[in-house]
Amino acid sequence: DEIIRISHLVKEFKTAGGTVHALDDVNLSIRRGEIYGIIGLSGAGKSTLVRCINYLERPTSGDVFFEGQSLSEMKERERREVRRSMGMIFQQFNLLEQRTVLRNICFPLELIGVRRTEAEARARQLLTLVGLANREKAYPSQLSGGQKQRVAIARAIASEPKLLLCDEATSALDPNTTESILGLLRDINRNLGITVVIITHQMSVIESICDRVAIIDQSRIAEEGEVQRIFSAP
Ligand code: ADP
Ligand code: ADP
């Protein structure tokens, strides 16, 4: 059962210096319920791929299918709906500095029209889930990197997405904090049934939690498959 299928995806950027081929005939599929890794060096095309998955970037050619439906054939309103079923977290957390932890988590809920009292009740449950129940009144600047990422995860799953896209989510964290965040992502995957996509340049992250992986190298998929198969010694 595929949640995402990427088919012959090409993304080019026209720049003053010429055409940049950010993605070149990328094909892959992500199964519902799995933890899928996308690994590659800086500049390989990972962020472009993520932005094509949620259609913040329009592919030059090829297509992305969400639950079998072509994103390029959808109306913008339908794409917004799809985007809403994909949570995102980032390397730099992207929290709203002027809002408390609780209000940060409420934000996406309020955007979709959930009443404030209801949003806050849900945000408190999420804070408990990510282990920060006692920090709801704190501001992001008062938190450690790992705590900020926990808040970002709570915010990303607040609207009950089917998929969580993690773009270098542990790259700014030390090894122990990375382990704890990966553990939280694994729990969310198992307990809430959310498909998790991990974009990283760190092999250890892939080995630690991913079921399957795509290796992206110079805008192409160099290899794809089970992590154990791909990283086992020949
Ligand atoms: P990664 O996330 O793996 O570091 P990116 O997807 O950010 O890779 O970038 C892939 C390639 O596309 C790089 O050569 C980058 O410079 C180029 N690129 C990405 N976005 C743009 C853009 N908006 N305009 C021009 N080139 C871009
Ligand atoms: P990178 O440099 O790693 O590609 P960016 O800072 O360019 O990361 O962020 C990727 C894009 O995703 C940005 O345009 C950002 O505004 C957008 N974005 C931020 N929050 C969300 C979200 N919750 N869902 C989807 N896209 C988001």
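1. Let's start with R103: its relative accessibility is 15%, so it counts as buried. Bear in mind that this is a predicted model. R103 has a salt-bridge partner in E110, with N and O 3.0 Å apart. E110 is partly exposed because its relative accessible area is 25%, and the cut-off for buried is under 20%.

2. Another salt bridge joins D24 and R220, at 3.2 Å from N to O. This one ties together distant parts of the chain: D24 belongs to strand β2 (residues 18-31) and R220 to strand β10 (residues 220-226), 196 residues apart. D24 has 26% relative accessibility, so it counts as partly exposed. R220, at 44%, counts as partly exposed too.

3. Then there's R115 with E118, whose closest N and O atoms are 3.4 Å apart. R115 counts as exposed because its relative accessibility is 56%, while E118 has 43% and so is partly exposed. Elsewhere, D1, R32, E67 and K162 are joined into one network by salt bridges that share partners. The count for the structure comes to 18 salt bridges.

4. Have a look at helix α6, residues 175-192. Its 18 residues should span 26 Å at 1.5 Å a residue, and the end C-alpha atoms are 25 Å apart, so the two agree. D174 caps the N-terminal end, with a side-chain oxygen 3.1 Å from the backbone nitrogen of N176. Buried residues in α6 include T177, I181, L184 and I188. After the helix comes G193, with a positive phi near 70°.

5. Finally, the rings. There are zero aromatic pairs, but the charged end of R5 sits over the ring of F65, 4.6 Å from the ring's centre.

Key
Residues numbered from 1 in each chain as written. Chains lettered and ligands numbered in written order. Predicted model: local features only at pLDDT ≥ 70, side-chain atom pairs only at ≥ 80, totals over all residues. Heavy atoms only, no water. Helix = DSSP H or I, 4+ residues; strand = E, 2+ residues; numbered from the N terminus. Expected span 1.5 Å × (residues − 1). Buried < 20%, exposed > 50% of the residue type's maximum accessible area, 1.4 Å probe, protein only. Polar contact = N/O pair within 3.5 Å; in protein donor to acceptor, adjacent residues only side chain to side chain. Phe/Tyr/Trp six-rings, centres within 6.5 Å; stacked < 30°, edge-to-face > 60°. Lys NZ or Arg CZ within 6 Å of the ring centre and 35° of its normal. Salt bridge = Lys/Arg side-chain N within 4 Å of Asp/Glu carboxyl O.
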